[in-house]
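Me: Please examine the complex shown below and answer some questions on the fold and the interface.

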Amino acid sequence: MMDRNQQAFIEEARDLLSGLEDSLLEIEHDPLNSELVGKIFRAMHTIKGASSMFGFDAIASFTHDIETAFDAVREGVVAVTPQLVSMTLASRDHISALLSSAESEVEPDLELTSAGDELLKRFRELVPQTPPGKTDTGSPHDVKQMMPETNQRAALYRIHFKPPENILLRGLDPMNLIQELAAMGEERHVVHSEETSPDESRADLCHSVYDVLLSTSHPLESLQDVFIFVEEDSELRIEKLADASACDKDVWQRLIEAMQASKGVPTSVLISMIKEAHQIHQRVRNESSTYGGAGGQHPDLKSAQSIKVPSERLDKLVNLVGELVTVQARLTQAAVNLSDPSLTQIAEEVEALISELRDNAMSIRMVPIGTTFGRFKRLVRDLSAELGKEIQLVTEGEDTELDKTVIERLGDPLVHMIRNSIDHGIELPAQREQVGKARAGTIRLSASHSGTSVKISISDDGAGFDTEAIRLKAVMQGMIDPDATPTEQELLSIVFAPGFSTAKEVTSVSGRGVGMDVVHRSIEELGGQIEVSNSPGKGATITLKLPLTLAIIEGLLVKVGSELFVLPLASIKECVELPALEQRRGKGGQLINVRGEIIPYVRLRDFFGITGETSTYEYVVITEIDGRRCGFAVDAVLGEHQIVIKSLGLMYKDVEGISGATVLGDGTVALIIDIPPLIAVAVRERERLVRFETIAGDDSRNKRN
Amino acid sequence: MNETITETTQYLTFKLEDEVYATDIAQVREVLEYSRVTKVPRTPDYMRGVINLRGRVVPVLDLKLRFGMNRTEQTVNTCVIIVEVNMEGETMVIGALADSVQEVIEMDPSVIEPAPKIGTKLNTDFIRGMGKRDEQFIIILDIDKVFSADNLGAVKATMAEPVLE
């Protein structure tokens, strides 16, 4: 598998290439623009440098020659001609193709390589004399127009040489020629004898065919020079097999074996052998570096490229899909009403397609949370230094994906929570040593999927919450009764209550709780929940449970009078019938006994002031948020629906208890209930009659059950 | 409204009770028949609720209640005028209830006078000018002002019950 840096390089290189294309197209009309020349040169230079750094040698060496050409342009040696521009454009495409093959991790095939070599050859024709001082090796060589290979890097050649029969008579020993080749690099050869009838065989005639493998950095023409005297009447083929780096000893051995086995083994067979060996080699290397895991991935899967799209376009797409879901609900409804089987079938197909489309559209907006985590490293580093603490931040699950709208709104609450951990959770190094902890504290930030929600937890190994201090402070602020015996969970939830943290002078006593109401509010707005677990002296963990997306939720449709409302299904525990006795009590103390648990409930009819159309039976929808149960009495429960959330807009932005609206299949609008603020308003209003402790007290009794 | 109207513009005229009102046609998107409005609980009476405008949730206001008249009752002529309003820098789509929609007319700036300081039941802030046509006065509304958030601040007040303390 390709590592992240290589992936990043490929993306970056693609950007550079598209910039390069623009520059090239521009320079065609403005050939004297030295700024553009510089731009093109720099792009080539960057690609060359980066590709060799990340091990894409083929790209690096190809780009090198084009860079050289543009260096010559820069120095005024070569003029920008339409021909040069189109060649460079072709090279750009070639680099792009090389990138693609690097990305899918296959060796560039012969066609691609030869196309590249052809391009390089044309570049050399155009820039015949490499400017002095620019060559990598000092060896001067004259460019032979017909000879395609002038590469400076080491390459593996196969030389097929069948000397003329009379070579010995001319006083030349073919072996001398072979030795001359051997002096140029690493050489192995195989000698085959031409089949001749014994009587014809004469000692002074040569019937040998030499098959030579040579790895050398000398240019091809130097190899040809060796045979210059026998060229005319001998059979000579010099072919480049691969870059020398592609062949280790093992490969050599196998090539030699193949050449020994049959006299006329085609060059293409040898090339494919090298390629195969190289691929196996690479695969072995990859597997050892990625600890198994992704070993079975097909290269094609990885060639998927990413494109950058403005997020507004995605929002628009998601909105349109939302509308489509609404229309589809209408279609389904219409099909049911008409009870036409063919229409029903179409409606079902459309439904299936749309739900797939919806999932796809939503997944496009999913962003890994790692981008948000990254910025906290800096925060922890700076803040801990400021406070004289030693803290390391450990992050887990960076790849967990969340809707980008959720991630955008998650940043601030996370900052508050981490600040809080640094400020109040982790002790000073000296204090930590006293209680036998490591000097450096650890804050662990982790994210993971759980069903349709994402869990993000921030845990530290600091002092934890001091619940007694919280209780004292809450009593001082009049938030709880001095005689009340709240559970630990209730005390911990007080930390998130607005107003609790505002009294600055007590904060030092309580230890924690700065800005935590901000956290609570933001998470609630996101439809999320907060859980705190605390072990005094050892640390605390705050877990946020967030919905994957904000645009579409599962909701329970309920009816009150003639009005329809939606309750988010994620918070719903169960639905029970409201006993007739309880129903008659009306506005009084609204508590319901569910299998021994006393649960407070809000009668939506009273709360929303809905008149008319009463029903014989009422139902209570029991919800649970942050461990607290609360019921909502409604006239009827109509069922579960996929709800596309629509904003009520600026005009209704201040309405508490309603988070938005949705359009149902028949076109009517149902309002979506925002449970926590609705409870908060209901509690505020009921305080005249029932004190807050009653609910808290009942809640604690529930807990014990 | 102090801004004087200088260009000939088209106006949509409509009736609230017996008086003729007008709004710049550029702000009108469409006119709908009155259909079911979903009331958002615990909001002022003049905020009649929301309707479904082709999948979009659009708030509907009762202009008559807003102007201190009686509640708009549903008749065959009752219409919802969908207007685009500039609110806090954002363009919002809002529906306004009218007893009936009349016509689209052109009015020359010369026949439009500034809003009188006295003599109307209406908050003069809402009025851009007074036009005249066939001896009939036409009240030209500044629709942005009518729906401006400042004037709708009452919503918050009704919702947020005083906290015991």
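Reply: A residue counts as buried when its relative accessible area is under 20%. The model is predicted. By that cut-off, the share of the 705 residues of chain A that count as buried is 47%.

Me: Of the contacts in chain A between residues at least 6 apart in sequence, what share joins residues at least 24 apart?

Reply: Chain A holds 23 helices and 21 strands. Among its contacts between residues at least 6 apart in sequence, the share that joins residues at least 24 apart is 71%.

Me: What area is buried between chain A and chain B?

Reply: The size of an interface is often given as the accessible area lost when the parts come together. Here 28 residues of chain A are in contact with 33 residues of chain B. Carbon and sulfur atoms give 64% of the buried area, which comes to about 2,700 Å².

Me: Which three residues supply more than any other three of the area that chain A buries against chain B?

Reply: The three in question supply 28% of the area that chain A buries against chain B. They are A:Leu650, A:Met651 and A:Tyr652.

Me: Which side chains meet in a salt bridge between chain A and chain B?

Reply: The count between the two chains is one salt bridge, and the cut-off for such a pair is a nitrogen to oxygen distance within 4 Å. At 2.1 Å, N to O, the pair that meets is A:Glu685 and B:Arg42.

Me: Which elements of chain A give two or more residues to the side that touches chain B?

Reply: The residues on that side of chain A divide into 14 nonpolar, four polar and ten charged. The elements that give two or more of them are β13 (563-568), β20 (658-663), β21 (669-673) and α22 (675-686).

Technical notes. Residues are numbered from 1 along each chain as its sequence is written. Chains are lettered from A and ligands numbered from 1 in the order in which they are written. This is a predicted model: local features need pLDDT of at least 70, side-chain atom pairs count only at pLDDT 80 or more; totals for chains, interfaces and linings use all residues. Side-chain values use heavy atoms; hydrogens and water are left out. Helices (H or I, at least four residues) and strands (E, at least two) are DSSP runs, numbered from the N terminus. Buried means under 20% relative accessible area, exposed over 50%, partly exposed in between (1.4 Å probe, protein chains only). Contact means heavy atoms within 4.5 Å. Buried area is the accessible area (1.4 Å probe) that two parts lose on being put together, summed over both. Ala, Val, Leu, Ile, Met, Phe, Trp, Tyr, Cys and Pro count as nonpolar, Asp, Glu, Lys and Arg as charged, and the others, Gly among them, as polar.
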